[in-house]
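Dear colleague,

Please find below the structure that I promised to hand over, and after it my notes on what was found in it.

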Amino acid sequence: MEFEQHLAAIVNTMSEGLLLVGADGGIVMINEALSRMTGYARDELLGHACSVLDCDGCQRERGQGGAAWCRLFAEKTTRAKHCTIRRKDGSYLPVLKNQTLLRDAAGKPLFAVETLTDLSEVVVLDRKVEELTRLLSAEEGFHGLIGQSEAMRRVFDLLERAAGSDAPVLLTGESGTGKELAARAIHEIGRRRRGPFVQFNCGALAESLLESELFGHAKGAFTGATRHRQGRFEAAAGGDIFLDEIGDAPASIQVKLLRVLESKTFERVGESRPVRADVRVISATNRDLARLVAEGRFREDLFFRVNVIPITLPPLRDRLDDLAPLAEHFLCRLAHQAGRPVPSIAPEAMRLLAAHPWPGNVRELKSALEYAFVVTDAGPVEPRHLPPSLIAAAAPAALREVCRAAAPVETGRDALVDALRRAGGNRSEAARLLGVSRGTILNRMRRYGVDSKHVLDY
Ligand SMILES: Nc1ncnc2c1ncn2[C@@H]1O[C@H](COP(=O)(O)OP(=O)(O)OP(=O)(O)O)[C@@H](O)[C@H]1O
């Protein structure tokens, strides 16, 4: 008797949940930690079937022709595994479950002992580490957004104001203008910054998968749903959810998003119990949502719900003041990663960059500089180091000006060999790279005795 009292005190000091299950599946003992973790009182669990915890890692034998309640009794194995159980309030709890069998002297199974370690904090911390790792490399400018132009300063001001409220934000702007960075900035300075930032691309998945991805599903909700699955809205609890490409959300998902925004609740697929959505919604699109509404392809009611705080990221061609700081920022990062000195940008190359219309915006600029960084050895980035596509698309006037300014460099044998090498020996491409005609390239090859077949060996 005395020993039993001590034993009870011992198991109640454990921080892990402890559970003893009989061969018939009935719970015969629990400790206080299990009660705390699940939200069930002792008498709501004792004597009840362990299936009340709805563990998705449990493999029951009964009903599948087996004699024992669960496979643990049949297989006689001991192992640890990651599972998800359901608390009394319906929320999911990720746990690490250890289990073993207790047997009598004759080897007959008596009880299954299970210990459950709460992994919810670990899961949140894991996500946070992932997020911070990403942010560490972008900790410049306005939370990673570089820009000095008047237009970007206005955007930073709006982002700061939006972060101070819990109202839905709609980020619009052409592709590559920094909408995702802006969404992260709102999260980083907002009230929910200690919570998760969960990103979801509404156009990236087949319609049939979208609902379960966003709202989660219960085990058995559909063929193939072998485990409980937390959706993105649940994963974002206490934080922000970023719905990218919201203009691409199919009609069936638009209805469900409207419901979350209106009622602040959602239902997991295969369940009818509403779950509270404790999230702030930040959406983004590079499409004209108002036009999609007019065309009947986007719900007007949803448009008004997501568009409470509209913020537009201006295209790069309309804020050329940002070109130099952005270019320097990307070259600095590349040089830092490669352990090389930071290359400067020659004025002629800068003029070419300024003349480019940047249809891909900052994303395109970033790629162009990655290219330039790879092909520059030491020294500054010259026009010949810029991507051929950018040179080819350059306005003729800008190109002429650049070629005039760069003439001493461009006429040298080294420049010719370099251009031919980068063009893989193709003379037309080399001509484009240097901004001269194919005939000029042929003349220079003759003059310098350069053979395009052997140019790759230089
Ligand atoms: N102002 C900026 N400062 C620094 N980097 C930027 C800036 N704007 C965009 N970038 C970079 O450009 C790339 C594209 O940005 P981002 O993904 O945020 O654009 P987006 O508008 O969300 O594009 P899409 O509509 O195609 O999803 C990223 O690598 C991002 O880091």
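In helix α19 (residues 413–422) of this predicted model, Arg 422 and Asp 418 are four residues apart, which means that about one helical turn separates them. An α-helix has 3.6 residues a turn, so residues three or four places apart point the same way. Asp 418 counts as buried, because its relative accessibility is 13% and the cut-off for buried is under 20%.

How many salt bridges does a search of the whole structure find? The number is 27, and among them is a network in which Asp 54, Arg 86, Glu 234, Arg 268 and Glu 271 are joined by salt bridges that share partners. Another salt bridge is formed by Arg 297 and Glu 295, whose closest N and O atoms are 2.4 Å apart. Arg 297 is partly exposed, with a relative accessible area of 48%, and Glu 295 is also partly exposed, at 40%.

A further salt bridge, between the side chains of Glu 262 and Arg 305 (3.6 Å, N to O), links distant parts of the chain, since Glu 262 belongs to helix α10 and Arg 305 to helix α12, 43 residues apart. Glu 262 has a relative accessible area of 45% and is partly exposed, and Arg 305, at 37%, is partly exposed as well.

Helix α10 (residues 251–263) deserves a careful look of its own. With 13 residues at 1.5 Å a residue, α10 should span 18 Å, and this agrees with its end C-alpha atoms, which are 18 Å apart. Which residues of α10 are buried? They are Ile 253, Gln 254, Leu 257, Leu 258, Val 260 and Leu 261. Seen down the axis of α10, the buried residues fall within an arc of 160 degrees, and therefore they line one face of the helix. These buried residues pack against several elements, including α8 (207–215), β10, β13 and α12 (300–306).

Two of those packing partners, β10 and β13, also belong to an open sheet of five strands, whose order is β7-β10-β13-β6-β14 and whose pairing is parallel. Because β7 (197–201) and β14 (309–312) stand at the edges with a single partner strand each, one side of each is left without a neighbour in the sheet. Neighbouring strands of this sheet are turned against each other by 20 degrees on average, direction ignored. Strand β10 (residues 240–244) is joined to strand β13 (residues 280–285) by four bridges, and in one of the pairs Leu 243 has Ser 283 of β13 as its bridge partner.

An antiparallel pairing is found between strand β4 (residues 92–103) and strand β5 (residues 109–118), which share nine bridges; in β5, Ala 112 is the bridge partner of Leu 101. Five residues lie between the strands of this hairpin, where Gly 107 takes a positive phi near 90 degrees.

Most residues other than glycine have a negative phi, and with that in mind a few residues are worth checking. Lys 264, which follows α10, has a positive phi near 60 degrees. Glu 245, in the loop between β10 and α10, has a positive phi near 50 degrees. Asn 361, whose place is in helix α15 (residues 361–375), has a positive phi of about 55 degrees, and at 0% relative accessibility Asn 361 counts as buried.

Note on methods
Residues are numbered from 1 along each chain as its sequence is written. This is a predicted model: local features need pLDDT of at least 70, side-chain atom pairs count only at pLDDT 80 or more; totals for chains, interfaces and linings use all residues. Side-chain values use heavy atoms; hydrogens and water are left out. Two strands pair if DSSP finds at least two bridges between them. Helices (H or I, at least four residues) and strands (E, at least two) are DSSP runs, numbered from the N terminus. Axes are lines fitted to C-alpha atoms, for helices over the stretch in contact, and angles run from 0 to 180 degrees between N-to-C directions. The expected span of a helix is 1.5 Å times one less than its number of residues. Buried means under 20% relative accessible area, exposed over 50%, partly exposed in between (1.4 Å probe, protein chains only). The arc is that of the directions from the helix axis to the C-beta atoms. Contact means heavy atoms within 4.5 Å. A salt bridge is a side-chain nitrogen of Lys or Arg within 4 Å of a carboxyl oxygen of Asp or Glu.
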